[in-house]
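Please read them with the sequence and the structure open.

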Amino acid sequence: MALVTRIGLRRVANFVQSQAVSLAGLPSFVKVVEVGARDGLQNEKGLVPTPIKVGLVDLLSESGLTHIEVTSFVSPKWIPQMADNKEVLKNIKRKPGVVYSVLTPNLKGFKDAMASGVDEVAVFGAASEAFSNKNINCSIAESLKRFEDVMTAAKEANVKVRGYVSCVLGCPYEGYVQPSKVAEMGIQVVDSSVAGLGGCPYAKGASGNVSTEDVVYLLHGLNIKTGIDINKLLLASQYISENLKRPPSSKVALAKGVSHL
């Protein structure tokens, strides 16, 4: 994102368009997975009230997003911000056509999630041994073993599973990550967080997540469709920024006057 930081999202998009280049290999459509309600809010120092979380998910549901990661089923001892997972899922307004997923790092989390009627679950690993041990307290091999239990249970329940691989471009602990550890498959799915919320709570100095508004703005500027209404997305950004009492870290939101006031 260094180029974007220097010359701005709009200028990047205008430059590409001015070259009259179709950029062979770019997809015509990208699915944006919104993780702000989970990965974003779990990084907050204070507990965000359940109704605020519900309100955020409902606004995101109206923006055209088709995939929203709502919460996680993890130990409240480690992530107390997600302790209200069942209440959040119970109270959101589920919009037809939107997939509401949750993070389930182990079999217990999966079983709890199933009782709350989720559409999809996610598991996460890392390309870095140090990050894996810091983040989920186990080695990469051990994490894969945990996934086997979740995958088997999900298959039996006919529930889709989505997988994450953290640190594919580098690790805050190990630094450079060998490309041989990462399978390069091409990008047609992008994870991002409304208002730039969050980032790993265990990685010291982590700069946070890329904002969904900035991602959508850039993709639209490149004539890549997302199905998302950026103005409605900005309403969600303003809502959560006001409730957290701070401005969003999104360049697009700031440029359009979205604030926490």
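1. Surface patch. Val165, Val168 and Leu169 make a nonpolar surface patch of about 320 Å². One of these residues, Leu169, sits in the loop between strand S5 (160–166) and strand S6 (189–192). Leu169 counts as exposed because its relative accessibility is 85%, and the cut-off for exposed is over 50%. Please keep in mind that this is a predicted model.

2. The sheet. Six strands form an open sheet in the order S5-S4-S3-S2-S1-S6, and the pairing is parallel. S5 and S6 are the edge strands, each pairing on one side only. On average, neighbouring strands of this sheet are turned by 30° against each other, direction ignored. The loop that holds Leu169 therefore runs between the two edge strands, S5 and S6.

3. A helix on the sheet. Helix H9 (residues 212–221) packs on the sheet and touches S1 and S6. The direction of H9 makes about 175° with that of S1.

4. Strand S1 and its two neighbours. The bridge partner of Lys31 in S6 is Val189. S1 is also joined to strand S2 (residues 67–72), by two bridges and again in parallel. In S2, Val33 has His67 as its bridge partner, and Glu34 has Ile68. As a general point, side chains in a regular strand alternate between the two faces of the sheet.

5. Salt bridges around Arg38. The whole structure contains eight salt bridges. Arg38, Asp39 and Glu69 are linked in a network of them. Within it, the side chains of Arg38 and Asp39 meet at 3.3 Å, N to O, and those of Glu69 and Arg38 meet at 2.6 Å, N to O.

6. Arg38 counts as buried because its relative accessibility is 7%, with the cut-off for buried set at under 20%. Glu69 is buried too, with a relative accessible area of 0%.

7. Arg162 forms a salt bridge with Asp191, and their closest N and O atoms are 2.3 Å apart. Arg162 lies in strand S5 and Asp191 in strand S6, so the pair ties together parts that are 29 residues apart in sequence. S5 and S6 are the edge strands of the sheet.

8. How do Arg162 and Asp191 stand in relative accessible area? Arg162 is buried, at 14%. Asp191 is partly exposed, at 28%.

Terms used
Residues numbered from 1 in each chain as written. Predicted model: local features only at pLDDT ≥ 70, side-chain atom pairs only at ≥ 80, totals over all residues. Heavy atoms only, no water. Patch = residues over 30% accessible without salt bridge, like charges linked within 9 Å, V, L, I, M, F, W, Y side chains within 5 Å. Areas by Shrake-Rupley, 256 points an atom, 1.4 Å probe, with all protein chains shown as cover. Salt bridge = Lys/Arg side-chain N within 4 Å of Asp/Glu carboxyl O. Helix = DSSP H or I, 4+ residues; strand = E, 2+ residues; numbered from the N terminus. Buried < 20%, exposed > 50% of the residue type's maximum accessible area, 1.4 Å probe, protein only. Pairing = 2+ DSSP bridges. Axes fitted to C-alpha atoms, helices over the stretch in contact; angles between N-to-C directions. Contact = heavy atoms within 4.5 Å.
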